[in-house]
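Please look over the briefing below, which takes up a ligand shell, an annotated domain, a helix and a strand pair in turn.

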Amino acid sequence: MSETIFTKIINKEIPAEILYEDEMSLAFRDINPQAPMHFLVIPKKAIATINDIEKEDREVVGHLSWVAAHILKEHGLAEQGFRTVMNCNEYGGQTVYHIHLHVLAGKPLGWPPYSDKL
Ligand code: 5GP
């Protein structure tokens with residue numbers, strides 16, 4: 001698989017605002033935030049899309065959600081709620097082919113409309 005910009009971020013070849021790092025994963029703020037808090041959690045293993053996840057990757061992929069909640073708890077944003085999204089391929093709007101969990105928090109999010117739930 002060809003290298004993406006996220007491999008460069010993992011290798012600290014280009015800067016990013018890193019929020020969390022361990023042996024399996026890295027989390028950093030999205031360069032184009034869509035919410036007051038918008039960060040990406042990625043595995044250090046370069047997996048191109050959700051379609052490329054192997055059975056042996058289950059632990060690391062599940063770990064991404066734990067990292068998301070861990071960071072949000074540290075920032076006091078977990079309880080009010082948030083959204084995680086992983087886009088896949090063209091119709092899913094994926095632009096970087098190294099899987100990443102988007103984590104959006106800090107405001108009521110669109111779709112499903114927040115007002116419909118009041
Ligand atoms: P996708 O469209 O693949 O689901 O999401 C890719 C995300 O990566 C986008 O939200 C985009 O703003 C973010 N992104 C792309 N390049 C960089 C970068 O160099 N640094 C950071 N921090 N985020 C990036």
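In what follows, Ala, Val, Leu, Ile, Met, Phe, Trp, Tyr, Cys and Pro count as nonpolar, Asp, Glu, Lys and Arg as charged, and the others, Gly among them, as polar. The model is predicted, and local features need pLDDT of at least 70, side-chain atom pairs count only at pLDDT 80 or more, while totals for chains, interfaces and linings use all residues. Residues are numbered from 1 along each chain as its sequence is written.

**Ligand shell**
- The shell around the ligand is made up of 6 nonpolar, 5 polar and 2 charged residues.
- Of the 13 residues that surround the ligand, the closest are Ile 31, Asn 32, Asn 87, Thr 95 and Val 96, a residue being near if its C-beta atom, placed from the backbone, lies within 6 Å of the molecule.

**Annotated domain**
- An unreviewed UniProt entry places the feature "domain: HIT" at residues 5-114, and such annotations may be inferred rather than shown by experiment.
- That span, residues 5-114, is 25% helix and 23% strand, where helices (H or I, at least four residues) and strands (E, at least two) are DSSP runs, numbered from the N terminus.

**Helix α2**
- The buried residues of α2 are Leu 64, Val 67, Ala 68 and Leu 72, buried meaning that 20 or more other C-beta atoms, placed from the backbone, lie within 10 Å of a residue's own.
- Just after α2, Gly 76 takes a positive phi of about 70 degrees.

**Strands β1 and β2**
- β1 and β2 form a hairpin with 3 residues between them, and they pair in the antiparallel sense over 3 bridges, pairing requiring that DSSP finds at least two bridges between two strands.
- Within this pair, Tyr 20 stands opposite Ala 27 in β2.

Definitions and conventions:
A residue is buried if 20 or more other C-beta atoms lie within 10 Å of its own, exposed if 12 or fewer, and partly exposed in between; C-beta atoms are placed from the backbone.
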